[in-house]
Structures are given as C-alpha cells and as structure tokens.
Amino acid sequence: MEVKHHRHGYADVEFTSNVKEIDGLLKYAVAEGLEAIGRDAASTAARKAPYDTGTLANSISNYTDREELIEYIGTNVSYAGYQEFGTSKIRGKHYLRFGATAHAAEYGDIIADHVKRILGD
C-alpha cells in the first residue's frame with residue numbers, strides 16, 4: 001500500500017492486489033498436501049494388498065492432478081479390480097479403499113500444515 005499526502009490534508013491511497021499470487025501459492029500448497037496424502041495412501045494400500053509375487057503391491061502408486069486438485073491412487077495390474085472388489089469365487093480385499101481411508105482423520109491437518117508452510121502462520 002502506498003500513501004501520498006497532499007498539502008491540504010487529503011491522501012491518495014494506492015492498493016496493490018496480491019490475490020493472484022496468494023491463490024497460486026494456496027493451490028501449490030494444497031497440491032503438495034494432496035501429494036503427501038497420496039504417497040501415504042498408496043504405501044498403506046501396498047502394505048494391505050494381497051501378496052503372492054509382489055506385483056500388485058509394487059504396482060500401487062499415486063498421481064496428483066494439480067489443476068483440479070484431485071489425488072488418485074491405483075494400479076495398472078489387470079487383476080487388481082478382482083482383488084479389490086472380489087468375484088463370485090473370491091472375496092474382495094478392499095486394499096485400495098483401506099489405503100485411501102486409513103488415515104483420513106489426518107488429511108485435513110496434512111493440507112493445513114502444507115498451507116502454513118507455504119503461506120506462513
């Protein structure tokens with residue numbers, strides 16, 4: 001903010017908007033928080049995944065859409081859906097759902113911590 005005083009007691013006040021910069025920093029902080037949550041969720045899901053050869057557990061990963069601010073966890077293994085949801089012959093293990101929800105109570109704090117770190121207290 002810049003204030004210029006005039007002889008007659010009037011002041012011109014000029015404000016500078018930082019909304020775009022703050023919005024960009026906030027979006028960055030939230031994306032960083034989401035990525036941290038995704039890493040934790042993927043790691044938790046991998047530990048819970050059914051284990052035979054390790055292919056399924058090792059394939060679980062996360063992806064952060066930084067534009068839409070969405071976090072994805074998943075796998076590209078062809079039989080992963082059968083293991084997650086089950087079939088008529090096997091019961092679903094819900095390892096991805098467990099990974100995504102096991103620490104859900106902490107997710108708000110993780111995002112808040114990243115925002116505080118980027119924007120300051």
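Predicted model: local features only at pLDDT ≥ 70, side-chain atom pairs only at ≥ 80, totals over all residues.
Residues are numbered from 1 along each chain as its sequence is written, and side-chain values use heavy atoms, without hydrogens or water. Local features need pLDDT of at least 70 and side-chain atom pairs pLDDT 80 or more, whereas totals for chains, interfaces and linings use all residues.

Ile22, Leu25, Leu26, Tyr28, Ile118 and Leu119 make a nonpolar surface patch of about 490 Å². Such patches consist of residues with over 30% relative accessible area and no salt bridge, with nonpolar side chains joined within 5 Å; a salt bridge is a side-chain nitrogen of Lys or Arg within 4 Å of a carboxyl oxygen of Asp or Glu. Helices H1 (19–48) and H5 (104–119) each give two or more residues to the patch. The largest share, four residues, comes from H1. Helices are DSSP runs (H or I, at least four residues), numbered from the N terminus. Leu25 is found in H1 and has a relative accessible area of 40%, so it is classed as partly exposed (buried is under 20%, exposed over 50%, partly exposed in between; 1.4 Å probe, protein chains only).

One aromatic pair was found in the whole structure. Tyr63 and Tyr72 are stacked, at 6.2 Å centre to centre with 25° between the planes (centres within 6.5 Å, planes under 30 degrees apart). Tyr72 is partly exposed, at 42%.

His114 lies in H5 and is buried, with a relative accessible area of 14%. Contacts of His114 (heavy atoms within 4.5 Å) include Ala29, Glu32, Gly33 and Ala36, not counting residues up to four places away in sequence.

Key: Patch = residues over 30% accessible without salt bridge, like charges linked within 9 Å, V, L, I, M, F, W, Y side chains within 5 Å. Areas by Shrake-Rupley, 256 points an atom, 1.4 Å probe, with all protein chains shown as cover. Phe/Tyr/Trp six-rings, centres within 6.5 Å; stacked < 30°, edge-to-face > 60°.
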